Each structure stands twice: as C-alpha cells, then as structure tokens.
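I am opening a notebook on this structure. My entries follow what I looked up, one topic at a time.

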Amino acid sequence: GDPAVLIADNTKAKTALSWTPEKTLAEAVASAWGWEQAKSDSKQSAKKEPVESPIIPVVFAVDDSYAPILAVTLQSLVEHSSPGNTYRIHILIEKLSRLNRWLLRDTVDGCPNISITFLDVSALLDEETKAKCYIEIHASLATYYRFFTARLFSQYDRVLYLDADILINRDIAELYSVDIGDSWIGAAKDVRESIAASRGLTVSGRNWKTYVTQELGLTDPYAYFQAGVLLINVRAFIENSVEEKLFDALQRIKQPILSDQDILNTVCQGHVQNLPVAWNVQWQIPFEFGTYDEDLPPSLLGEYGQALAEPAILHYASSRKPWTDSQLPKAGDWWRYAGKAGLTGLLKAREMQALAEKYLPRHLEERIAHYRRMANMTFGETRRRYQDRYRDACNAQTALQQESQSRAEEEPTNPSR
C-alpha cells in the first residue's frame, strides 16, 4: 500500500543543480490536490447515469407432472431473451417437489438477468374453491391459478401469463410492450374455436356455437380468445374486481367445457385487446382440420397462415403433444429445445419412475460437479450464485435418494426369489 509518511530534503538538489523551487511545500501539495480533484470531477461528469433495465414479469403455473415441460419452455425463453432486460419469472405451485424446483432453476443457470421464484398458492385453494374449479378437457387444477394473478402480483402494472406447453421464438419483451390501453387483458383469437363455431361442431356433447353464445353469453362467437398467452392489466383487474367476477361466473357456469378459458371469455367480454395471432399459434390446426382454410374469415386465415410460418410463440394447445407424438409437424422444434436443456433422456422416458432411477441421478451428479468447480473458480456475486446452485442441487439429490429409499422399503419381498 501507500507509505504512511514521506520525508524529503531538497538541499542536495539546490547545491548540485543550482535548483530553486518555485513553490513552497504547502503550495505544491495544494496544487497536487487540486489536480486530483479536477481529475475526479472530470470522471464523474463523464459517467452516464445508470439506466435501469426494463422488468418483464412472467407468470407460469405448474405441477409436478408438467415441470419438465415447463423446463423446455424456459430454455426457449432464455435463448430469445435480451441482456438489456430483467426477466422475473414467477411460478405458481402447490406442493412442487424439490427435485422439480431444482430442475426449473437449473434451466436458467448462468443468466444473471433471469430469476425464478416459486409462489405456493395452496392457501388460496381451500376445498370450497377447488370444488368450483371444474375440469373437463386435458387440464389440471393449476389452470385456474391464473385467476389469482392480479392479487398476487399487485406490485406490477401488468404481467404476462403463459401456459407451460409453449415454445418461445422471439423475445417476450416485445409482447410485454404491446399497448392494451385500459383493456383488462390482451389475448389472441382462438383459431380452433373459430373453426368449431363455423362448422357447428359438437364439443363434450354440446354444440360449440350455441354454447358460446347462449351459455357463455358472447355476442360474437368468433371473438372467443385463447387464454394460454395473456397480457394481464393488473390495475384494471383490481379496480374492476375481475377475480371476484370470475368466481361468480363459475357459480353460474358450473361445467365450462374449456375450464378457466371459458370463464375468462365470458367475464372479460368487451374488455379484451386482440393480440397478434403470432403470439399464440395453435399448432394442431393443420393436422386436426385439413380444410381449415374453408372455415376461417379471410382476415383471420391470412393472419394464421403467416403466424404458422413464423410463430413468435407456438402453443401445443391440444391433447396431442410433441412429447407424446414426435412425428407431428413442428414437434421437432420442441425436441430441439429439449435437447438444449439436457432433458431429452428425461422426456423420452415412458415412465417417470424409470427416469428417476436412471437419468436424474447421473444428471444431478454432473451438475453438482459443475457448480462446485465454478464456485471454486469465480468470485463475488458470481461465486455466491454458483454456491446457491450447488446447494440446491445437493438438496435435490438428497430428496431423490430419500424417495428411492422409501420406495425400496415399501416394495414387498418375494420369498421365492
């Protein structure tokens, strides 16, 4: 470091060089200090004011069965994120395993501008509330979690609510920046249900067009929107008591065919800003409706055709999924991201039980070794982040070992072996 005391004598310089100082010691020190101050002020004025990066709040809901699917979605989000934005990912859960929490956090590892928090909503779902939440078509109770979004995230003016079974192909900050004005939500039209209305299809024993207009009360059946991608106006939801209205509608429409989506449509009618279909492209239309071009209004047909060619978000919104039928069109895109997330082995396992015994232990060991190595090689905040990842992975490994041991103790012994 710098010396605490400096001692100087200019006598020899005066004698040998016939040198005479122009300033006294006090004047020289004052001049030097003035120069240092001027340099510091110059640096300060040259500094730009720090610019806060835009915050993009994103909400998902998931249970243990869909956690690996959400991990693939997060991988696609990461690849199309911008370092200039801060992405706050909030995942609504009810008793999600430690193993799956680690799996989801691991997907965004190495992305300092992307954070994940888990919010347990079980306290909001008492037995009376659960009894109201009718489920009919390939959905789970988690689909109703979005009703609580405004209450849970009142710190934001608006939030993005995304289903877990999507693939993100563009920066979702673009979607978040769409101006929806005073509308309660922004959502894309449901292409599939427009076809159902046009063809007069029967869905769950009911004529779809009649159901939408009479039971849901929509004045235009072709205005029905798809709720897998929502831009929710939090302020408008709170000011207009939309959550209360949603549960009131569930009392009136006791068996909605498409669960929460039907309820959102009936309650939000007249308060919806249409989003471009490219932000919610339903993948199943070409292989479920071969002649769909004959059933859609020309404007919607043209928009869907362009969106299908270049989807900003591809939505696997049917009972047929790429992880169960990899030969379907665009299923390969999903598997490519599954591979990038290191989850191909997990998702191709026919039984999660076999997966837990074979794939995950090896995957966890590799990640634990990686986090330990990086924690030893880095410093400061980066080191702390890797230390946190290491601890989470070790906890997940312990949980997996305890689960395997518990299963082994429960298995009956065959004396004939």
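Which residue of strand 10 does Ala187 stand opposite? I looked it up: Ala187 faces Asn274. I keep in mind that this is a predicted model.

**Entry 1: the whole chain**

I began with the overall numbers. The protein chain holds 18 helices and 12 strands. It has 417 residues, and 44% of them count as buried. I then checked contacts between residues at least 6 apart in sequence. Of these, 78% join residues at least 24 apart.

**Entry 2: strand 6 and its partners**

I looked for its pairings next. Strand 6 is joined to strand 10 (residues 272-274) by 3 bridges, in the parallel sense. With strand 9 (residues 225-233), strand 6 runs antiparallel, and 4 bridges join the two. A reminder for myself: strands of a sheet pair through backbone hydrogen bonds, either parallel or antiparallel.

I followed strand 11 to strand 12 (residues 313-315): the two run parallel and are joined by 2 bridges. Within this pairing, Val281 has Leu314 of strand 12 as its bridge partner.

**Entry 3: Pro311**

Pro311 sits in the loop between helix 14 (298-309) and strand 12. Is Pro311 buried or exposed? Its relative accessible area is 11%, so Pro311 is buried, as the cut-off is under 20%. Leaving aside neighbours within four places in sequence, I found Pro311 in contact with Asn169, Ala278 and Val281. I also checked a separation. Pro311 and Arg170 are 141 residues apart along the chain, yet their C-alpha atoms are separated by 8.4 Å.

**Entry 4: Asp171**

I went on to Asp171, in the loop between strand 5 (166-168) and helix 7 (172-176). Asp171 is buried yet has no salt bridge. The nearest side chain of opposite charge belongs to Arg170, 9.0 Å away. What does the side chain of Asp171 make a polar contact with? I found the side chain of Tyr87, at 2.7 Å. Not counting residues up to four places away in sequence, Asp171 touches His80, Ser81, Ser82, Asn85, Tyr87 and Trp279.

**Entry 5: helix 11**

My last stop was helix 11 (residues 242-252). I listed its buried residues: Val242, Glu243, Leu246, Phe247, Ala249 and Leu250. Why are they on the same side of helix 11? They cover an arc of only 150 degrees around the axis, which puts them on one side. I then turned to the face away from the buried side. That face of helix 11 carries the exposed residues Glu244 and Arg252. What do the buried residues of helix 11 pack against? I noted helix 5 (127-132), helix 6 (149-152), helix 10 (234-239) and helix 12 (259-268).

Methods:
Residues are numbered from 1 along each chain as its sequence is written. This is a predicted model: local features need pLDDT of at least 70, side-chain atom pairs count only at pLDDT 80 or more; totals for chains, interfaces and linings use all residues. Side-chain values use heavy atoms; hydrogens and water are left out. Buried means under 20% relative accessible area, exposed over 50%, partly exposed in between (1.4 Å probe, protein chains only). The arc is that of the directions from the helix axis to the C-beta atoms. Contact means heavy atoms within 4.5 Å. Lys and Arg count as positive and Asp and Glu as negative; His and the chain ends are not counted. A salt bridge is a side-chain nitrogen of Lys or Arg within 4 Å of a carboxyl oxygen of Asp or Glu. A polar contact is a pair of N or O atoms within 3.5 Å; within protein, one must be able to donate a hydrogen and the other to accept it, and residues adjacent in sequence count only if both atoms are side-chain atoms. Two strands pair if DSSP finds at least two bridges between them.
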